[in-house]
Amino acid sequence: MKIMAVTALSYFIKTVLENYMMTGNPVVLLLLAGECITVFLVVFSKFTDTRNFSLLPVLATMGATFYFFAIALGGGKLISDNVASVLLVFGICWQIYAKIYLGRSFGLLPACRTVVDTGPYRLVRHPIYFGYFIGHMAFLLNNFSLWNIEVLTLLYLLQFLRMNYEEQVLSRNEQYREYKSRVKNRFIPFLL
């Protein structure tokens, strides 16, 4: 998975840089920055023997991780580059904030490396996904197309599937079950 992530990111870097050279749109560079951070953490994640290698979690993880092969760089602008950039920076900062608390326990496949219940994890059980969502919505509103709506809808169906599998693995841990009973929201703080 780590080699696949680095290989896929290399292709995405090339695609984004080509698009940026043609359009000058900083939103695509910010989307790339968020993906680079994710791949960096995957490469340096802590080993665990609790990963779920079942077919459906692996397929959901691969589809959600490599969605950027399907995304269209370009489309209608429902929000300006500046507004989209601010939202993307917020989403990336939220991801970084959550990933700092998770540290080397971040990974792609569902696993239990450790239970984190501080920082953004006090508000929502999957704060990294929330950061991704903010960034993806900013990207979509700045690169609006029916195709991108379809790709991101499929992405979030896969993300919710991943959340379910992650919670199944994590729920084997008593500390996580206690945490789950305290923190009711899974995805969006104070809402969902």
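Accessible areas come from the Shrake-Rupley method with a 1.4 Å probe, and for residues only the protein chains shown count as cover. By that method, the chain has an accessible surface of about 9,500 Å². Carbon and sulfur atoms hold 69% of that surface.

This is a predicted model: local features need pLDDT of at least 70, side-chain atom pairs count only at pLDDT 80 or more, and totals for chains, interfaces and linings use all residues. Residues are numbered from 1 along each chain as its sequence is written, and side-chain values use heavy atoms, with hydrogens and water left out.

Start with the overall fold. The chain has 7 helices and 0 strands. (Helices, H or I with at least four residues, and strands, E with at least two, are DSSP runs numbered from the N terminus.) The radius of gyration of the chain is 16 Å, close to the 16 Å that the globule rule gives for 192 residues, so the chain is as compact as a globular protein of that length. That radius is taken over C-alpha atoms, and the rule is 2.2 Å times the number of residues to the power 0.38. The C-alpha trace spans about 50 × 35 × 25 Å along its principal axes. Of the 192 residues, 50% are buried. Buried means under 20% relative accessible area, exposed over 50%, and partly exposed in between (1.4 Å probe, protein chains only).

Now look at helix 4. At 1.5 Å a residue, its 22 residues should span 32 Å, and its end C-alpha atoms are 31 Å apart, which agrees. The expected span is 1.5 Å times one less than the number of residues. Several residues of helix 4 are buried, including Leu88, Trp94 and Leu102. Tyrosine 97 also lies in helix 4. Tyrosine 97 counts as partly exposed because its relative accessibility is 33%. Glycine 103 follows the helix, with a positive phi near 60 degrees.

Helix 5 covers residues 127-142. Of its 16 residues, 13 are buried.

Last, find phenylalanine 66. This residue sits in the loop between helix 3 (55-65) and helix 4. Is phenylalanine 66 buried or exposed? Phenylalanine 66 is buried, because its relative accessible area is 13%. Leaving aside neighbours within four places in sequence, phenylalanine 66 is in contact (heavy atoms within 4.5 Å) with Met4, Ala5 and Ala8. Methionine 4 is 62 residues away in sequence, yet the two C-alpha atoms are 9.2 Å apart in space.
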